[in-house]
Amino acid sequence: MSVEETQHGSAEVAARVERRWATISVIIIVGMALLAAFAGIHRATMPQPRVETTDPSRLHLSGEFVESNLGSVLETNGNVTVRAIGQQYSFTPACILVPADTPITLRATSADVVHGILIQGTNVNTMLVPGYISEQPMRFAKTGDYLMPCQEFCSFGHEGMWGKVKVIDKTEFADRAKGGGRLSCVGQ
């Protein structure tokens with residue numbers, strides 16, 4: 001075998017390997033584009049299709065976020081709705097009481113600046129923007145306490161802005177909800 005034949009064979013092998021790597025690269029890029037499109041279509045990366053607004057200067061005075069309407073409530077369909085407000089440097093209510101194995105809708109807003117709700121150990125993570133209502137579905141598989149820090153820097157004192165989510169048994173929650181009104185675990 002001559003040197004030219006050896007070089008020609010090596011060139012063919014190199015070209016074949018480069019085509020394979022180019023094909024793999026194109027497949028990866030196309031796969032990532034499809035994954036991003038799929039996530040966007042399924043609301044994983046897109047903003048909510050329905051934007052709800054509220055007047056942050058009147059939150060405690062009227063509307064959905066008056067003081068008496070904050071906390072957890074058991075709806076007639078068995079789901080739970082939680083309403084909360086973030087303001088410097090606290091969440092109201094500071095402790096949210098919810099049942100395990102139940103669809104829960106968190107509806108929250110901010111009274112002053114941008115805050116964030118992050119429930120540690122879960123995938124619940126949402127921003128609270130003044131004037132807008134954030135809605136976040138959630139479900140907890142097991143009972144226990146979950147820390148809820150503000151994850152958006154909101155000014156000096158931000159590091160002390162913590163809340164708690166207390167997940168209790170479904171039947172215990174239903175017993176507490178029989179009396180009506182809003183539930184929270186503040187003071188427990």
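Which residue in S10 is the bridge partner of isoleucine 96? In this predicted model, the bridge partner of isoleucine 96 in S10 is valine 165.

Strand S4 is mostly covered, with 5 of its 5 residues buried. In a regular strand the side chains alternate between the two faces of the sheet.

A search of the whole structure finds 1 disulfide, which joins cysteine 95 to cysteine 185 with an S to S distance of 1.7 Å. The pair links distant parts of the chain, 90 residues apart, with cysteine 95 in strand S4 and cysteine 185 in the segment after helix H2 (170-177). The torsion about the S-S bond of cysteine 95 and cysteine 185 is about -85 degrees, so this disulfide is left-handed.

The following cysteines are buried:

| Cysteine | Relative accessible area |
|---|---|
| Cysteine 95 | 5% |
| Cysteine 185 | 2% |
| Cysteine 150 | 6% |
| Cysteine 154 | 6% |

Cysteine 154 is in no disulfide, and the nearest cysteine sulfur, that of cysteine 150, is 4.1 Å away. Cysteine 150 is likewise in no disulfide.

Histidine 115 lies in strand S6, residues 115-118, and counts as buried because its relative accessibility is 0%, under the 20% cut-off. The side chains of histidine 115 and aspartate 112 are joined by a polar contact of 2.8 Å. Leaving aside neighbours within four places in sequence, histidine 115 is in contact with residues including Cys150, Glu152 and Cys154.

Methods
Residues are numbered from 1 along each chain as its sequence is written. This is a predicted model: local features need pLDDT of at least 70, side-chain atom pairs count only at pLDDT 80 or more; totals for chains, interfaces and linings use all residues. Side-chain values use heavy atoms; hydrogens and water are left out. Buried means under 20% relative accessible area, exposed over 50%, partly exposed in between (1.4 Å probe, protein chains only). Helices (H or I, at least four residues) and strands (E, at least two) are DSSP runs, numbered from the N terminus. Two strands pair if DSSP finds at least two bridges between them. A polar contact is a pair of N or O atoms within 3.5 Å; within protein, one must be able to donate a hydrogen and the other to accept it, and residues adjacent in sequence count only if both atoms are side-chain atoms. Contact means heavy atoms within 4.5 Å. A disulfide is a pair of cysteine sulfur atoms within 2.5 Å.
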